[in-house]
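Biologist: I have a model open and want to learn how to read it. Can we go through it feature by feature?

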Amino acid sequence: MQQRTLGSQGLTVSAIGLGCMGMSDFYGGADEAGSIATIHRALDLGVTFLDTADMYGPFTNERLVGRAIKGRRDEVVLATKFGNVRSEDGAFLGISGRPEYVRSACDASLQRLGVDTIDLYYQHRVDDKTPIEDTVGAMAELVKAGKVRYLGLSEAAPDTIRRASAVHPITALQTEYSLWTRDPEEGILDTCRALGVGFVAYSPLGRGFLTGRFRSIDDLAPDDWRRNNPRFQGENFQKNLEIVERVEALARRKQCTTAQLAIAWLLARGRDIVPIPGSTRQERVEENARAVDITLMPDEIAALDPVGAAVAGQRYPEGGMRTVNR
């Protein structure tokens, strides 16, 4: 597995990470033993950049990841997040970046993960009621205390990234980015590069849509959150299938899978970009990991670039869209 550097503070990670959210939440069903085996397979392949958050489960995903890396902690670059507040029963209680919450959330994550230090600690969503300077100031105290090594933000706007970086170096911004989600190209990537902030691309496979696995909404489990996603609904679903078919045609010519092509496209956008596709299955991790071996030619990149312009539907329902890029 190739390695990439995130930010300008010296954090080195695997060129492809593993998003662990779907092992515990949102996509229907959970298989703890299978998920732990998948994490172990990822580590064996050199996919050592693991991404979780306290809200996934809620709370259960951090515990699962903690069990999976027990005895292998020194192989892992461990990232988790705070800020989306949920109760034990799963209810969403809002977004918080209050300093006292930052400290208590970190302590709770450390305990659930069973580790002494979090390698990369993100604010999951920006709290528009708490100045970012106050939130990052509290996060910086965690670095001084040895509880956190590097700081990150998720779904932050350019001005927020600049203000945060003035308080403490930000190592990575995590935001949705894929062939059909191109929002970061509208100022966010440029801001990150100007400030020496690495970029972590979540949902690089369009929540699985870009793999070609889904041909109907009925392919999703009844409790799968994606049923509420605008891009998976009605006419949008059918229009977005046309995007998948275009990518599939290019993948066939490249003799790779659609997922591998989508990941390779992201890797080609810059060495400061690290995609973190999620998976619960070992064979998918193996497939995704092989994307690092695919080299795209300029004409192939040019053929893929227009795909995002054809996407139908917002990437979140209306309520979710109000919490991103702020």
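Biologist: How many helices and strands does the protein have?

Modeller: Helices (H or I, at least four residues) and strands (E, at least two) are DSSP runs, numbered from the N terminus. Here the protein has eleven helices and twelve strands. This is a predicted model: local features need pLDDT of at least 70, side-chain atom pairs count only at pLDDT 80 or more, and totals for chains, interfaces and linings use all residues. Residues are numbered from 1 along each chain as its sequence is written, and side-chain values use heavy atoms, with hydrogens and water left out.

Biologist: What radius of gyration does the protein have?

Modeller: The radius is taken over C-alpha atoms; the globule rule is 2.2 Å times the number of residues to the power 0.38. For 326 residues, a compact globule would come near 20 Å; the protein has 18 Å, which agrees. Along the principal axes, its C-alpha atoms fill a box of roughly 50 × 40 × 40 Å.

Biologist: What percentage of the residues is buried?

Modeller: Buried means under 20% relative accessible area, exposed over 50%, partly exposed in between (1.4 Å probe, protein chains only). Buried residues make up 57% of the 326.

Biologist: Which percentage of contacts joins residues at least 24 apart?

Modeller: Contact means heavy atoms within 4.5 Å. Among contacts between residues at least 6 apart in sequence, that share is 75%.

Biologist: Where is arginine 63 found?

Modeller: Arginine 63 sits in helix 2 (residues 60-69). It counts as partly exposed because its relative accessibility is 32%. Arginine 63 and leucine 113 are 50 residues apart in sequence, yet 5.4 Å apart in space, C-alpha to C-alpha.
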